[in-house]
Amino acid sequence: MSHHSTIDAPAITIPHLQQWARDGRRLVMTTAYDAVTARLADPVVDMILVGDSVGNVCLGFDNTLPVSMAMMNHHLEAVARTRPRALLVADMPYLSYHLSLDDTLCNAGGFLQRGAAAVKLEGGEKRAETIRALVECEIPVMGHLGLTPQSVHAMGGFKVQGRAAEDAVQILEDAHRLEEAGCFALVLEGIPSELAARVTEILSIPTIGIGAGPHCSGQVLVLHDVLGLTQGHQPKFVRTYVDGFGVLQQALTHWAEDVRRGVFPSPAESYALPAAAHAAVSAWASDLSTRS
Ligand code: KIV
């Protein structure tokens with residue numbers, strides 16, 4: 001478990017992010033699930049999210065519902081060990097904030113003790129009381145509205161939300177309630193651009209969009225999507241900047257070929273045996289050949 005002192009506190013804090021958003025500087029967040037992805041992302045982004053998307057991106061699940069606190073803690077600890085300068089946000093998985101307030105506080109507080117600076121949880125005004133209790137316990141909360149993946153069954157699939165008039169108004173109401181409850185920022189996922197723009201306008205906290213158009217205070221994408229490491233169908237809001245899977249698999253293929261052709265490792269990639277040891281090894285081998 002990492003314990004941040006004042007000296008090695010994350011360089012980017014919530015007040016920084018809120019000031020930057022007020023100044024019109026767009027905020028950037030991506031996911032990381034281990035030390036490698038954290039080191040890739042940290043110099044580039046303002047916030048790192050240890051998302052429960054680890055379930056479908058890395059662990060082979062179809063959705064985020066099977067992700068547990070134990071899994072999240074494991075991945076958060078790996079990311080936190082890199083001591084990122086970006087604000088580290090940990091995603092509360094399904095059932096980690098639904099059962100009781102004690103359980104919720106314990107789970108969220110455990111994230112902070114493992115190095116997160118904030119937690120994220122999904123849902124609208126029905127979460128307001130929970131969010132108030134967390135904030136009361138010095139646990140900063142990022143809200144998450146619109147297409148909330150933990151509600152996949154209730155939504156009937158991963159569908160854009162807020163297209164019907166009453167749903168759009170409910171999202172505005174939810175956003176207002178979440179700010180009132182004390183959220184420091186809000187993820188808006190899978191909602192029409194104009195609605196996200198309106199939410200951003202009525203709130204004084206930053207909005208971070210994913211599939212929510214260009215008018216949010218910032219954007220978040222899953223790192224593996226940006227880097228082309230995710231296989232299969234990509235939603236239209238994802239922009240992939242490199243065929244990471246193809247590039248990396250090609251490199252692996254070259255190495256496998258070199259092994260099979262006997263050209264890896266080269267002498268430069270091997271260790272030489274010093275002369276004295278070489279003589280001793282030869283002597284032992286010739287002695288062996290004389291044994292009956
Ligand atoms: O789990 C996650 O990665 C997320 C982001 C996509 C916002 O919740």
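Select proline 265, which lies in the loop between α11 and α12; helices (H or I, at least four residues) and strands (E, at least two) are DSSP runs, numbered from the N terminus. The peptide bond leading from phenylalanine 264 into proline 265 is cis, with omega near 0 degrees. Most peptide bonds are trans, and most residues other than glycine have a negative phi. The structure on the screen is a predicted model, in which local features need pLDDT of at least 70 and side-chain atom pairs count only at pLDDT 80 or more, while totals for chains, interfaces and linings use all residues. Residues are numbered from 1 along each chain as its sequence is written, and side-chain values use heavy atoms, with hydrogens and water left out.

Next, select alanine 272, found in the loop between α11 (244–261) and α12 (275–290). Alanine 272 counts as exposed because its relative accessibility is 74%; buried means under 20% relative accessible area, exposed over 50%, and partly exposed in between (1.4 Å probe, protein chains only).

Then select leucine 95, in the loop between β3 and α5 (101–113). Its phi is near 75 degrees, a positive value in a residue other than glycine. Leucine 95 is partly exposed, with a relative accessible area of 40%. Glutamate 138, in the loop between α6 (128–136) and β5 (141–146), also has a positive phi, of about 65 degrees, although it is not a glycine. Glutamate 138 is exposed, its relative accessible area being 62%.

The ligand comes next. Which residues surround the ligand? They are Thr31, Leu49, Gly51, Asp52, Ser53, Asp91, Lys120, His144, Ile210 and Val222, where a residue is near a molecule or strand if one of its heavy atoms lies within 4 Å of it. Show the side chain of serine 53, where a polar atom lies 2.5 Å from an oxygen atom of the ligand. For aspartate 91, a polar side-chain atom is 3.1 Å from a ligand oxygen atom. In lysine 120, an N or O atom of the side chain is 3.0 Å from an oxygen atom of the ligand. Taken alone, the ligand exposes 260 Å², and the protein buries 95% of that; accessible areas come from the Shrake-Rupley method with a 1.4 Å probe, and for residues only the protein chains shown count as cover.

Now select leucine 178 in helix α8 (residues 165–181). Leucine 178 counts as buried because its relative accessibility is 0%. Leaving aside neighbours within four places in sequence, leucine 178 is in contact (heavy atoms within 4.5 Å) with residues including His144, Leu145 and Cys183.

Move to aspartate 46, in the loop between α2 (35–41) and β2 (47–50). Is aspartate 46 buried or exposed? At 8% relative accessibility, aspartate 46 counts as buried. A polar atom of its side chain lies 2.9 Å from the backbone nitrogen of valine 28. Proline 15 is 31 residues apart from aspartate 46 in sequence and 12 Å apart in space, C-alpha to C-alpha.

Finish at threonine 82, in the loop between α4 (69–80) and β3 (87–91). With 17% relative accessibility, threonine 82 counts as buried. A polar atom of the threonine 82 side chain lies 2.7 Å from the backbone oxygen of valine 79. Beyond its neighbours within four places in sequence, threonine 82 is in contact with Ala35, Ala38 and Arg39.

Key: Polar contact = N/O pair within 3.5 Å; in protein donor to acceptor, adjacent residues only side chain to side chain.
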